[in-house]
Amino acid sequence: MKRTLGVCYYPEHWPEEIWPQDATRMVAAGLSWVRIGEFAWSRLEPAEGHYDFGWLDRAIEVLGAAGLKVILGTPTATPPRWVVDKHPGMLAIDAEGRPRGFGSRRHYCFSHHGYLTECRRIVTALAYRYGRNPHVQAWQTDNEYGCHDTVLSYSPAALAGFRDWLAQRYQSVDALNRAWGNVFWSMEYHTFDQIGLPHLTVTEPNPAHVMAFRRYSSDQVVRFNAAQTEILRAHTDAPLIHNYMGRVLEFDHFDVGADLDIASWDSYPLGFLEDRLEFPPDHKLRFLRQGDPDCQAFHHDLYRSVGAAGADRDAATGRWWVMEQQPGPVNWAPFNPAPLPGMARLWAWEAFAHGAETVCYFRWRQAPFAQEQMHAGLLRPDSADAPGLAEAAEVGRELAGMADVSHRRAPVALVFDYGSAWAWQTQPQGRNFDYFWLVFSAYRALRRAGLSVDILPPDGEGIEKYGLVFAPGLATLSDALMARIATHSGQVILGPRSNSKTTEMSIPVPLPPALPFLDAAVSLVESLPRLAPVAIEGGGAFEAWAETLEGSAEIVLTRSDGVPAMMRAGAVSYLGGWPDDALWDRIVRDACTAQATEFADLPNGLRLRDTGQHRFAFNYGPKPAVWDGVEIPPAGVHWWTL
Ligand code: GAL
């Protein structure tokens with residue numbers, strides 16, 4: 001596999017005279033891809049049916065002639081004013097019933113038919129014009145589905161779509177009433193048209209109702225994206241990509257990915273640390289200018305798996321890119337520090353070590369106007385080099401000196417399920433129960449032990465290739481996953497809360513986890529404030545969540561109050577709580593030992609990742625770290641040939 005760099009560029013923001021110099025400088029910096037067009041609808045179609053493709057023709061020609069490959073974005077994340085005026089009902093409505101107005105971006109409801117028709121039209125026009133353009137070598141659909149909380153919309157269009165979706169899923173209202181348990185609080189319906197959206201109720205709506213709406217809303221994103229890929233595929237053979245965001249869980253990315261060729265995501269390590277990760281202040285301070293050592297890696301591994309969904313590939317080999325890489329301070333987090341010198345290089349190398357084909361920096365030149373004027377680029381607003389440019393160029397030189405690389409299957413798999421994220425948002429049963437954070441806590445422990453990780457979809461496809469499998473917090477175990485676990489020969493660690501909901505958000509009887517091969521049942525659950533941990537004998541604790549386990553399976557860990565904490569049958573274990581970091585470390589080490597898998601004890605902030613040819617080390621810590629006899633400076637990257 002060849003690895004390349006790129007950049008996001010907005011020719012419509014700059015005078016045409018400077019495009020050629022920009023293109024030349026991009027090539028000189030070692031960049032080979034340039035993404036354009038994804039917000040340019042008002043310049044492509046200034047008025048309904050009046051297209052202006054001249055400038056885009058010229059931009060593509062200038063960039064292509066300089067030797068750059070173009071990724072062309074469909075502009076559907078930014079419908080211009082005239083589209084909104086034509087379809088006032090296309091605006092999404094928030095949970096409080098307020099329209100999400102024009103004047104920024106992503107102001108559309110996925111359920112709105114009129115807007116989808118406009119999207120089909122502009123995408124068709126672009127596909128027709130550029131589908132065979134030799135410089136356009138990849139396409140991006142829309143931009144960051146779900147960013148700015150834009151999946152759930154409580155609009156009339158969503159209401160109508162939801163009722164249709166329910167009628168198809170349940171076939172009869174009686175079946176729906178039974179499935180949801182609507183006899184509780186006299187919520188029974190007589191027709192599908194009586195069913196509303198699950199918001200603005202006096203107290204919480206029925207969790208089955210909420211879950212159905214979450215599934216419906218995810219399906220709308222899939223449908224919206226598929227409408228574009230169908231058109232594009234008729235006109236181009238270039239790969240189709242979407243740029244996902246970090247920690248956006250409101251739609252099933254595996255389902256969207258099934259219609260695409262490559263997954264990509266937008267990696268803003270410092271923005272995420274400040275804005276999206278609930279770490280304590282000392283952690284945020286330690287990694288202020290580096291980003292959390294595991295957040296990027298987790299998403300790299302997740303999107304590699306999402307990238308496999310649309311191809312005949314798997315969690316280890318899926319095609320994926322970083323479409324946007326932070327180059328300097330961003331504008332949107334509560335604090336926006338500058339990266340430590342070296343981080344714009346480190347982040348790119350870490351992506352490559354996780355199997356990225358391409359890393360594109362966001363953006364070429366800092367825009368001196370509008371919303372993102374405080375967001376750094378590779379160039380300053382005055383066109384002088386910004387610090388990120390030299391680092392990108394350094395990565396470019398290093399890549400040129402490194403032969404093609406291949407993927408290496410990780411020794412550990414971690415199962416990830418968007419549906420479980422919805423289930424636990426719907427019924428957290430405790431303020432701290434967050435699915436992402438639970439899975440991420442397991443992932444972080446695996447990384448502290450120096451392990452590379454592959455992330456599997458919820459049906460566990462490919463599980464047999466892994467000696468160690470972690471699957472925390474899966475609300476419902478599908479028959480497929482259950483069957484795969486039953487015949488798996490390696491270690492599998494389930495729990496907490498595994499299989500504790502039916503697909504209709506009820507408690508199953510017999511009681512969970514109801515594993516035919518492991519006699520353990522959860523007889524009581526408790527959610528706890530983090531200040532009230534439950535100690536485990538031998539070290540570590542449960543925090544946030546603790547279950548009372550009963551049954552005849554072997555007891556592997558015991559709480560200090562004598563209650564079983566983890567039970568096992570054969571190589572399958574069930575964990576009855578949410579481990580703190582110390583307990584996760586114990587569990588990971590014990591599982592590795594049982595499976596004869598090598599593990600390490602890494603210095604704080606040092607991380608490893610293996611490819612087919614190399615072992616990489618990344619130092620996220622603020623001090624030098626020594627590994628395998630090599631001192632790695634802060635923001636340093638080192639690799640050994642394997
Ligand atoms: C991304 C987005 C870009 C830009 C960037 C700023 O979320 O896709 O268009 O807004 O953030 O960091």
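This is a predicted model: local features need pLDDT of at least 70, side-chain atom pairs count only at pLDDT 80 or more; totals for chains, interfaces and linings use all residues.
Me: What radius of gyration does the protein have, and what would a compact globule have?
Reply: The protein has 642 residues. With that number, a compact globule would have a radius of gyration near 26 Å. The protein agrees with this, at 25 Å.

Me: How many helices and strands does the protein have?
Reply: Its secondary structure holds both kinds of element. The count is 18 helices and 24 strands.

Me: What percentage of the residues count as buried?
Reply: Buried means under 20% relative accessible area. Of the 642 residues of the protein, the part that counts as buried is 61%.

Me: What share of the contacts with a separation of 6 or more joins residues 24 or more positions apart?
Reply: Take the contacts in the protein with a separation of 6 or more. Residues 24 or more positions apart account for 71%.

Me: Why is helix α12 described as largely enclosed by the rest of the structure?
Reply: Helix α12 covers residues 295-308. It reaches 20 Å from its first C-alpha to its last, close to the 20 Å expected. The helix is largely enclosed because its buried residues number 14 of the 14.

Me: Which residues of α18 are buried?
Reply: Helix α18 has 15 residues, 581-595. It reaches 21 Å, close to the 21 Å expected. The buried residues in α18 are Leu583, Trp584, Asp585, Ile587, Val588, Ala591 and Cys592.

Me: Which residue follows α18, and what is its phi?
Reply: Most residues other than glycine have a negative phi. The residue after α18 is Ala596. Its phi is positive, near 55°.

Me: Is His148 buried or partly exposed?
Reply: His148 lies in the loop between β4 and α6. Its phi is positive, near 60°, and it is a residue other than glycine. Its relative accessible area is 39%, so His148 is partly exposed.

Me: Is Arg247 buried or exposed?
Reply: Arg247 sits in the loop between β5 and α9. It is not a glycine, yet its phi is positive, about 50°. Buried means under 20% relative accessible area. Arg247 is at 19%, so it counts as buried.

Me: Which residues is Asn225 in contact with, leaving aside its neighbours within four places in sequence?
Reply: Asn225 belongs to helix α8, residues 207-235. Its relative accessible area is 0%, so it is buried. Neighbours within four places aside, its contacts are Thr141, Tyr145, Val256, Asp259 and Leu260.

Me: Which residue does a cis peptide bond join to Gly495?
Reply: Most peptide bonds are trans. Here omega is about -5°, and the bond is cis. Gly495 is joined to Pro496.

Me: What is omega for the cis peptide bond of Val509 and Pro510?
Reply: Pro510 has its place in the loop between β12 and β13. A cis peptide bond joins Val509 to Pro510, and omega is about 0°.

Me: How many Å apart are the mean positions of the positive and negative charges?
Reply: The protein has 56 positive and 75 negative charges. Each set has a mean position, and the two are apart by 3 Å.

How values were computed
Residues are numbered from 1 along each chain as its sequence is written. Side-chain values use heavy atoms; hydrogens and water are left out. Helices (H or I, at least four residues) and strands (E, at least two) are DSSP runs, numbered from the N terminus. The expected span of a helix is 1.5 Å times one less than its number of residues. Buried means under 20% relative accessible area, exposed over 50%, partly exposed in between (1.4 Å probe, protein chains only). The radius of gyration is taken over C-alpha atoms; the globule rule is 2.2 Å times the number of residues to the power 0.38. Contact means heavy atoms within 4.5 Å. Lys and Arg count as positive and Asp and Glu as negative; His and the chain ends are not counted. The place of a charge is taken as NZ of Lys, CZ of Arg, CG of Asp or CD of Glu.
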